Structures are given as structure tokens and as C-alpha cells.
Amino acid sequence: MVRLNKIYTRTGDDGTTGLGSGERRLKSDLRVEAYGTVDEANACIGMARVHTGTAYPELDAILSRIQNDLFDLGADLATPDTGKKLDYEPLRIIASQVERLEADIDLLNKNLQPLRSFVLNGGSPAAAALHLARTVARRAERAMVALAQDPDEHVNRDGIKYINRVSDLLFVAARCVNDNGNADVLWVPGKNR
């Protein structure tokens, strides 16, 4: 159980933050950037839920579950596997969480119109918010992949798969709330030449 008694600690005033392992890193560190961007994607999903809530209860339940999982992913990233023994079992994204997202994507995708073009970010307010969340999730994925390229860093492969599927799900969800794709705003190449 997480317990926060004091919100400000002053320990970050020097530009560092503590990882789950107790190690201090600069706030500009790529690992901190990765889990910070996961948190940003989570906040964007929260904003999207303002638009999906009661209008799309099944989707809202999926998004709620994803928000909780994104905290798991943040905890995973904030506790790098250094091989050192910790006093607790670190939280890790696992394959079943990825599989659950894939099942959710398939469920949402089954009633969508086939794509005839790339989709522009927009349509309904709910779709626009979901597209914004999708782009932030993609940025989190890029940060995680960049972090994984460092031979001194470890990034859970299931975590990378998970954030990849989140952005896929958010794309499909945006199409769902755009009248199952019927109200998608389609890209027209060279339209304004």
C-alpha cells in the first residue's frame, strides 16, 4: 500500500529524483522521461474519459483499467532491474496485460468500417482526446525504446509491448467514438496544393 504523508520533500530541489531502487537520477534522465511520459499519457486518457464516460461505458471501463496498468508500467520503469536484491518484489508489466489489451482491441475493432485512408486526429471531442492520448503514448514508447538501447539500462520487453498496444487501442477507440469510423476525418493527400 502506498502512503503519502507529505507531498513536498525538497529532495528533488537539486534536480534529481529517486527511483524505486533508491537510486537518485537527474530529472532529465531518459528513464525519468520515459515514466514521466507514461504518466502524461495516463493524464490524457483521464481527459479523454471526460468525453467517453457515460456515453461509452464499455470503453470507459477499458480506459479505466488501462489507467491503472499505466501506473504499473510507471512503477516498472521507475524500478530498473539492476540485478541487486531489493527489499520488495518490484511490480512488472506481464504478458497477460498485453494479451488483455489485444482482446480489447479486437472487441472494439470488430464493428469498425475498414480504413480507406489515414485518419486525421479529430472528429468528435472524444475522438480528438483519444487521438491526443494516442500520440503521447507513442512518445512514451519512443522514450522506452531509446532507453532500452542503452546497454547499461534494462527495460521490460512486456512493458514496451504494452505501451505499443495502448496506442493501438486508443486509435481504435477514437474510431469507435467517431460513429464506428463513419465520422472519421480522412486524410486526402495533396488536397490543398
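1. Ground rules. This is a predicted model, in which local features need pLDDT of at least 70 and side-chain atom pairs count only at pLDDT 80 or more, while totals for chains, interfaces and linings use all residues. Residues are numbered from 1 along each chain as its sequence is written, and side-chain values use heavy atoms, with hydrogens and water left out.

2. Overall layout. The protein has 5 helices and 4 strands; both are DSSP runs, numbered from the N terminus (helices are H or I with at least four residues, strands are E with at least two). Going along the sequence, the order is β-β-α-α-α-β-α-α-β. The C-alpha atoms fill a box of roughly 50 × 40 × 30 Å along the principal axes. Out of 193 residues, 41% count as buried. Buried here means under 20% relative accessible area, exposed means over 50%, and partly exposed is in between (1.4 Å probe, protein chains only).

3. Helix 1. This helix covers residues 30-52, 23 residues in total, and spans 32 Å from first to last C-alpha, close to the 33 Å expected at 1.5 Å a residue. The expected span is 1.5 Å times one less than the number of residues. At the start of helix 1, a side-chain oxygen of Asp 29 comes to within 2.8 Å of the backbone nitrogen of Arg 31. The buried residues of helix 1 include Arg 31, Tyr 35, Asn 42 and Cys 44.

4. Side chains of opposite charge can pair when their charged atoms come close. The structure holds 10 salt bridges, a salt bridge being a side-chain nitrogen of Lys or Arg within 4 Å of a carboxyl oxygen of Asp or Glu. One of them joins Arg 139 and Glu 40, with the closest N and O atoms 3.0 Å apart. Arg 139 is in helix 4 (residues 125-148) and Glu 40 in helix 1, so the pair ties together parts 99 residues apart in sequence. Arg 139 is partly exposed at 30% relative accessible area, and Glu 40 is partly exposed at 34%.

5. Helix 1 to helix 2. Arg 49 and Asp 60 form a salt bridge at 2.8 Å, N to O. Arg 49 belongs to helix 1 and Asp 60 to helix 2 (residues 57-78), so this pair ties together parts 11 residues apart in sequence. Arg 49 is partly exposed at 23% relative accessibility, whereas Asp 60 is buried at 15%.

6. Arg 92 meets Asp 76 in a salt bridge (3.1 Å, N to O). Arg 92 sits in the loop between helix 2 and helix 3 (95-109), and Asp 76 in helix 2, so parts 16 residues apart in sequence are tied together. Arg 92 is partly exposed at 24%, but Asp 76 is buried at 4% relative accessibility. Have a look, too, at Arg 65, Arg 100 and Asp 104, which are linked in a network of salt bridges.

7. Helix 5. Arg 175 is found in helix 5 and is buried, with a relative accessible area of 5%. The C-alpha atoms of Arg 175 and Asn 121 are 9.9 Å apart, although the two residues are separated by 54 residues along the chain.

Technical notes. Polar contact = N/O pair within 3.5 Å; in protein donor to acceptor, adjacent residues only side chain to side chain.
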